[in-house]
Amino acid sequence: MIEAVHYITVVFREPLLIVLVALGTFTGVYVGAIPGLTGVMTVSLLVSFTISWSMNNALALMLGVFVGVVFGGSRSAILLNIPGAPSAIATGFDGYPLAQKGQAGKAMGIATTQSFIGSILGVIALAFGAPLMGKFAQSFRSIDYVLLAIIGLMTVGSLGSKTLKHGLIAGALGVFIGCMGIDPQTAVRRFTFGLTYLNSGVDFIVAMIGLFGAAEALFQLTQLHMGKVKQQVNRIIPSWRTTLKYLPLTIRSAVVGILVGALPGAGGDIAALLSYDQAKRYTRQPSAPFGQGALEGIIAPETANNAAVGGAFIPMLTLGIPGDAITAVLLSALSVHGLRPGPYMIRSAPDIFWLIVICLVLASFFLLLFGLSGIRLFSKIVETPKGILMPIILVLSVVGAFAIRNSLYDILWMFLFAIIGYFFKRYDYPVGPLVLGIILCPLLENNYRRGIMLTGSLPGLFFSIFSSMLSLLLFLLIIFLTVSQTKRYKKWREQ
Amino acid sequence: MKKSIAIIIIILAGAMNVVLCACNDKTTSVFPAKNINCIVQWGAGGGTDSLMRPLATLAEQELSSALVVQNMPGATGSIAAQYVYDAPIDGYTLLMSAENPTLYQALGISELTYADFDCLFLIGDETVGIVVKKDAAFISFTDIVQAVQDKPNSIKLSTTGKGGLPWEVGAFIQDVTGAKFNQIPYDSDASARNAVLSGECDFTICKVQSGLEYHREGTLKFLCMFSLEPVEILNEVPAIIEEYPEFARYLPWGPFYGVFVKQGTDLAICQKLSSALATAAATPFYQEVLTNYNINYLGLSGLAAREYIETWQTNTVQALENSGALTR
Amino acid sequence: MGELKKQAEVVNFAKPGERVFTAALFLLGVAAFWQSLLLWFRVSPPALALASAAALPMFMSLLWLALCFMNFFTITGKKLPAAGIWQSFQYMLPYPLPAMIAAIAAYCAALLLQVSFYIATPLFLYACICYLTRRGFFINLLWTSLCIGLIFLVFTMLFRIVLP
């Protein structure tokens with residue numbers, strides 16, 4: 001315990017670290033806010049950039065960027081309905097309608113404070129629960145991942161669709177698209193039509209930029225006649241009373257975020273969507289109907305996605321397996337400096353472990369600072385005439401799509417998704433489940449096939465659910481989620 | 001007044017655009033005139049990536065141009081290989097890869113092989129071993145083979161997919177001992193290792209650097225090393241030939257890592273890149289990286305590298321054909 | 001046009017062109033299923049057919065076209081608005097989209113034909129802004145330059161991404 005304090009106070013012995021965390025967080029917030037720039041790209045560049053630096057300094061900078069970027073995506077999601085990062089996809093569902101009502105400032109303010117709280121809670125889980133949570137992550141078998149993916153796909157009903165059927169169609173389409181490319185397990189080409197470009201499949205960020213960014217821009221162009229919405233920017237910071245009122249929801253969302261983040265292969269993006277779904281299901285009287293500016297619809301995903309940051313470090317530091325895309329790059333950064341994260345890192349390199357903890361805490365505070373500042377300026381962006389703003393967004397989408405893999409074809413695919421997304425929006429088909437399908441496809445498919453290979457048959461796979469407490473719990477959760485949507489259950493609850 | 005301001009702004013804007021276009025003028029004669037893209041075949045944070053990023057950063061200093069490292073994992077690395085092959089043959093796109101491309105054609109993964117690439121620098125290779133969970137019933141490798149012979153298909157080997165390291169060694173084992181395993185593919189060698197830790201699978205093939213710490217702590221144990229002699233750092237673990245001497249005809253064997261460029265690239269450019277990489281690899285910093293990862297340093301390029309790769313390919317394909325993993 | 005939309009929402013009318021859209025989705029689903037079937041026969045079956053690379057695509061495409069099929073029936077149940085083809089087209093692609101899509105197509109074609117990003121993009125941006133706002137032609141140049149400048153600064157200089 002005493003050594004932990006010693007390691008934590010390193011930031012006071014090396015104040016440069018504090019500056020670097022601040023710089024990183026600032027960069028992250030703005031990188032996240034610009035659609036097209038991703039955190040993975042930024043952190044990858046920083047790994048090479050900081051290779052000659054000391055490990056402490058390099059880590060401080062990169063951790064700041066990580067925390068910043070997960071939050072930063074909410075800015076553009078709220079203002080433009082274009083998530084700047086995959087973790088902010090759910091934030092736009094209620095954040096944007098709030099902005100349309102002139103309350104962008106309020107939305108951004110609450111997104112900031114909730115991200116801060118979620119981030120701190122995630123770090124606490126990391127600091128005190130890492131070994132335990134590491135075991136939790138390790139106990140996940142293939143069947144458990146399949147059940148988790150199914151739970152994820154069940155959220156299609158909540159992601160902004162009027163009918164479940166529409167959501168399912170979008171989800172099925174999304175999973176199908178996710179299957180395109182060279183199959184990772186058998187190296188067979190699936191649906192590539194002879195195009196070498198498609199060998200690596202469709203990148204979900206291209207899909208996200210197209211479906212949420214460019215499609216939205218096209219859709220909004222059809223509403224040019226609508227006037228500008230004047231933004232109220234006086235009451236930005238939510239009152240203490242508001243924060244306390246939503247505390248139960250905050251805790252629930254943080255738990256979802258930490259648990260999902262702690263699983264290798266599932267990160268803030270999935271956590272945010274699952275959290276939004278649980279908020280939608282279990283909030284009796286939201287401040288506004290979900291999808292039309294409910295505060296709960298911002299609180300849940302924003303808390304969860306930042307909590308998932310702390311959570312994502314758990315498998316990285318205890319199992320050596322990245323918890324999400326950015327921690328994968330951080331793993332490489334650590335190993336370049338001679339460190340190999342694994343179950344023993346907490347014991348063999350406690351200084352690095354506690355450095356990560358304290359940097360994440362500092363980054364959270366800087367998030368609060370940078371997040372709350374500049375809100376007024378950003379709110380003005382929404383007041384720019386659409387005729388100017390939308391083409392700019394289209395161009396940023398082009399650059400963003402290209403920047404992922406330096407491929408011109410990504411730009412074409414992005415526009416294709418834009419057209420698909422536009423028609424979906426036109427006919428009230430939800431776009432969220434489409435992206436969710438693409439994100440969840442690898443998780444679902446690889447684990448399903450592995451499960452079949454391990455147990456030998458479909459019934460065998462099903463019955464393996466009963467051989468583990470965890471699987472059983474997940475299965476019961478699925479049953480509960482299905483049943484709680486039926487009318488019978490709702491009547492029963494009202495009694 | 002307003003109009004003249006507007007005109008000035010327009011002129012400035014136009015000038016800026018012209019300048020930007022000029023900046024992007026690609027016709028300069030000295031190589032390298034712009035950033036060089038380095039495409040890593042496997043994921044960020046993995047074994048290949050961790051070797052390549054430091055090398056790229058050190059080589060940058062020799063070349064006075066940035067080496068931008070990008071990961072393009074997927075399809076056993078063939079996506080990255082195809083990308084580099086499709087890129088213009090000007091020396092600005094490099095492939096940073098492991099041993100997998102030697103088998104693409106044989107496996108039907110891709111039409112490409114290392115014959116389509118020139119090796120700028122072959123970094124080194126490493127030794128791998130067989131690992132099981134700490135309280136597994138197997139005391140030696142022979143036990144595993146015995147278990148399979150008693151009950152066919154009962155032993156699960158976690159792999160990284162067709163063409164990956166565990167799959168390759170699995171084929172060698174099948175050729176020599178006749179043992180056939182139930183192979184379960186995972187996304188990365190870390191996941192495959194975790195599958196053994198959690199008990200989902202019985203054993204896997206692990207590189208020294210990935211399994212060392214676990215072996216020391218006791219959660220995983222190396223049953224034997226796939227080599228002619230025990231490895232220095234793990235000298236209590238026997239070499240596989242002590243139990244099955246027939247393996248000797250395939251050893252020494254191990255995954256290797258190198259930097260490649262499309263075949264036919266201008267020789268002067270290749271030489272410049274090779275020497276930059278060689279200088280970078282020779283630095284004490286990088287040598288320490290190699291020691292940390294237990295890589296056997298080779299430092300080959302040109303003809304010597306080509307010979308090494310061709311021998312490796314022939315031996316491996318032979319073993320895979322003998323074992324039936326590959327059809328002739 | 002606005003009338004039709006209001007009607008659709010109140011009296012459970014189908015939206016103009018909705019049948020076409022649903023039919024298109026259905027046909028796409030059929031194509032997807034067909035491709036999955038072809039894949040199923042192409043892939044050498046693993047020990048367990050259910051673990052085949054074609055298993056999930058088949059399931060999903062089947063689900064997809066089945067749901068679209070059901071949707072089609074719900075739509076024919078809804079009252080159809082008195083909308084002709086031209087009106088449906090106007091609903092699907094109202095002003096300014098036809099022009100915008102043409103501009104996007106031209107922009108993509110330019111990029112594919114190796115036109116430099118820094119030539120094609122300002123032209124595209126300026127043309128779109130002018131078309132959409134129909135005034136302030138000088139100010140639009142400023143906006144265009146600002147945007148391109150920002151992109152240059154952030155992407156090329158900071159992130160070292162070589163734009164085409």
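Some ground rules. This is a predicted model, where local features need pLDDT of at least 70, side-chain atom pairs count only at pLDDT 80 or more, and totals for chains, interfaces and linings use all residues. Residues are numbered from 1 along each chain as its sequence is written, while chains are lettered from A and ligands numbered from 1 in the order in which they are written.

A word on labels. Helices (H or I, at least four residues) and strands (E, at least two) are DSSP runs, numbered from the N terminus.

Back to H7(B). Of its 10 residues, 7 are buried, so the helix is largely enclosed by the rest of the structure. Buried here takes 20 or more other C-beta atoms within 10 Å of the residue's own; exposed is 12 or fewer, partly exposed is in between, and C-beta atoms are placed from the backbone. The buried set is B:Asp189, B:Ala190, B:Ala192, B:Arg193, B:Asn194, B:Ala195 and B:Val196.

Next, chain B against chain A. Here 39 residues of chain B are in contact with 36 residues of chain A. Contact means C-beta atoms, placed from the backbone, within 7 Å. Which elements of chain B give two or more residues to that side? They are helix H2 (47–63), helix H3 (78–86), strand E7 (182–185), helix H7 (189–198) and helix H8 (208–217). H2(B) brings the largest share, 6 residues. By class, the chain B side has 14 nonpolar, 16 polar and 9 charged residues. For the classes, Ala, Val, Leu, Ile, Met, Phe, Trp, Tyr, Cys and Pro count as nonpolar; Asp, Glu, Lys and Arg are charged; the others, Gly among them, are polar.

Staying in chain B, look at a helix pair. Helix H6 (residues 165–177) and helix H11 (residues 302–323) of chain B pack at about 55 degrees, with axes 8 Å apart. The axes are lines fitted to C-alpha atoms, for helices over the stretch in contact, and angles run from 0 to 180 degrees between N-to-C directions. H6(B) and H11(B) are therefore oblique to each other. The cut-offs: under 35 degrees is roughly parallel, over 145 roughly antiparallel, 65 to 115 roughly perpendicular, and the rest oblique. The crossing of H6(B) past H11(B) is left-handed. That means the near helix is turned anticlockwise from the far one by less than a right angle; clockwise is right-handed.

Chain A has a pair to set beside it. Helix H7 (residues 104–138) and helix H18 (residues 375–382) of chain A have axes that come within 10 Å and cross at roughly 135 degrees. H7(A) and H18(A) are therefore oblique too. Their crossing is right-handed. From H7(A), the residues are A:Ala104, A:Gly105, A:Met108 and A:Gly109; they meet A:Ile375, A:Phe378, A:Ser379 and A:Val382 of H18(A). That contact divides into 5 nonpolar, 3 polar and no charged residues.

Now the domains of chain A. Domain 1 covers 2–455 and domain 2 covers 456–495. Those bounds come from an automatic or database domain assignment. Their centres, over C-alpha atoms, are 28 Å apart. At the boundary, 14 residues of domain 1 are in contact with 17 of domain 2. Helix H8 (142–154) and helix H21 (432–455) each supply at least two residues of the domain 1 side. H8(A) gives the most, 7 residues.

A:Ala266 sits in the loop between helix H12 (247–261) and helix H13 (268–282). Is A:Ala266 buried or exposed? It has 28 C-beta neighbours inside 10 Å, so it counts as buried. Beyond its neighbours within four places in sequence, A:Ala266 is in contact with A:Val260 and A:Leu443. A:Leu443 is 177 residues away along the chain, yet the two C-alpha atoms are separated by 8.2 Å.

Last, chain C. Chain C has 7 helices and 0 strands. Buried residues make up 35% of its 164 residues. Against chain A, the contact takes 45 residues from chain C and 42 from chain A. H3(C) supplies the largest share of the chain C side, 10 residues. By class, that side has 38 nonpolar, 5 polar and 2 charged residues.

Methods
Contact = placed C-beta atoms within 7 Å.
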